[in-house]
Amino acid sequence: MSFIPYGRQSIDKSDIDAVVEVLESDFLTQGPAVPEFEKALSGYCEAPYAIAVNSATSALHLACLALDVGAGDIVWTSPISFVASANCALYCGAKVDFVDIDPRIYNLSTERLAAKLEKAEKHGTLPKVLIVVHLCGQPCDMELVRALSSRFGFKVIEDASHAVGATYKGRRVGSCEYSDITVFSFHPVKIITTGEGGALLTRSPQLAKRMQSLRSHGITRDPSDMDREPDGPWYYQQIELGFNYRMTDIQAALGCSQFRRLDDFVAIRDRLAKRYDRLLAGLPVVTPWQHPDGRSAWHLYVIRVQQNAAKSRNEVFADMRAAGIGVNLHYIPIYSQPFYQRLGYEFAQCPEAENYYSSAITLPLYPALSEEQQDRVVAVLKKSVSQ
Ligand SMILES: *Cc1c(COP(=O)(O)O)cnc(C)c1O
């Protein structure tokens, strides 16, 4: 029987046609497709500015730079995320610290956040920026995060790499209603793809301008940003040290085409997730809890193997892989990575993150997953946890 991966892209004829059209056009990069993609993102999310870049990792780096994260600053994030959510602070020379997760929603715990902030205020170690991660596609409790950011004076980045198409309190994730900047990823396993790619959304014209500049070498062609009259029509000035984090038009055309299918993708993921919920009811596994204020984009469907299951998580995982089911684990606590250990991070510093890591399994979930394949996943899991 064929292998069932945990996630995979969905590419149809319209996606292929969109890419071929760019290949046959005048611009492979810096043409019209990138602004078109940005306009679609900004319209959908109802955020005035969208900036497409070559990955979410680049987007996180630019978001930190735009918020002036630098040496001596502290950035907080969740330990249960991809390493990029923390690495971006280190790129800027800042320190990173972790807020343990909530055992029910798996996002960073707002109660622990509040308690940690009060302590940090006393010690003079408040973070400059908090990076929340909408794990699996389920939004964090952003209203609470916003209230804490006003009280303690830190900025907020939403790492919404999993949450393109999710909503919080009836508004799309990416609206930046409760944050300064939101980051999306368009890696093929995520909700929509551009091959590699990412985006930044913001409501702030200043932040948007800064991130646009940093995306392309810190160079401007706008005379009003220059310190003297242009020497001629060829003239540009480098104002600050930027990067080449641009998205190509080939990628953006794929993004525009994928974007038209976004709501369908999320609807299918939602239907399959609810089907998993029904099929797994009664088994010794915890299925994903949904916050009433959020609607997940369902990037990942994570279960936790309970103590009363017939086998351990590792045995269940091995059984499923042996049966050709590409289960996975999202994520290893970031602080336990060798690189972070060498920086001196305490190994098991977040008990809830450790509990989660010892019991979680990501089941396959993607738009082309058929009900028959899903039934096979459930049958193998059922057998493994019951005997
Ligand atoms: C995938 C992912 C990233 C990095 O995205 P890239 O586009 O691959 O750079 C960052 N954060 C989270 C939570 C992710 O899942």
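## Two helix pairs

Axes here are lines fitted to C-alpha atoms, for helices over the stretch in contact, and angles run from 0 to 180 degrees between N-to-C directions. Helices (H or I, at least four residues) and strands (E, at least two) are DSSP runs, numbered from the N terminus. This is a predicted model, where local features need pLDDT of at least 70 and side-chain atom pairs count only at pLDDT 80 or more, while totals for chains, interfaces and linings use all residues. Residues are numbered from 1 along each chain as its sequence is written, and side-chain values use heavy atoms, with hydrogens and water left out.

Let's start with helix α2 (residues 33-45) and helix α8 (residues 249-259): their axes come within 8 Å and cross at roughly 35°. That crossing of α2 and α8 is left-handed (the near helix is turned anticlockwise from the far one by less than a right angle; clockwise would be right-handed). On the α2 side, Ala 33, Val 34, Glu 36, Phe 37, Ala 40, Leu 41 and Tyr 44 meet Asp 249, Ala 252, Ala 253, Gly 255, Cys 256 and Phe 259 of α8, with contact meaning heavy atoms within 4.5 Å. Sort the residues of this α2 and α8 contact and you get 10 nonpolar, one polar and two charged. For that sorting, Ala, Val, Leu, Ile, Met, Phe, Trp, Tyr, Cys and Pro count as nonpolar, Asp, Glu, Lys and Arg as charged, and the others, Gly among them, as polar.

Next up, helix α9 (residues 262-280) packs with helix α13 (residues 371-386) at an angle of about 35°, axes 11 Å apart. Here α9 passes α13 in a right-handed crossing. Arg 271, Leu 272, Arg 275, Tyr 276, Leu 279 and Leu 280 of α9 make the contact with Glu 371, Gln 374, Asp 375, Val 377, Val 378 and Leu 381 of α13.

## Rings and charges

The whole structure holds 14 aromatic pairs (rings of Phe, Tyr and Trp, its six-membered ring, with centres within 6.5 Å; planes under 30 degrees apart are stacked, over 60 edge-to-face, the rest tilted). Take Phe 98 and Tyr 340: their ring centres are 6.2 Å apart and their planes sit at 70°, so the pair is edge-to-face. Phe 98 lies in strand β3 (residues 95-98) and Tyr 340 in helix α11 (residues 338-342), so the pair ties together parts 242 residues apart in sequence. Phe 98 and Tyr 340 are both buried (under 20% relative accessible area; exposed is over 50%, partly exposed in between, with a 1.4 Å probe and protein chains only).

Most residues other than glycine have a negative phi, and most peptide bonds are trans. Cys 136 has a positive phi of about 70°; Cys 136 lies in the loop between β4 (129-133) and α6 (142-152) and is buried at 10% relative accessibility. Cys 176 has a positive phi of about 60° and is buried at 2%. The peptide bond from His 330 to Tyr 331 is cis, with omega near 10°.
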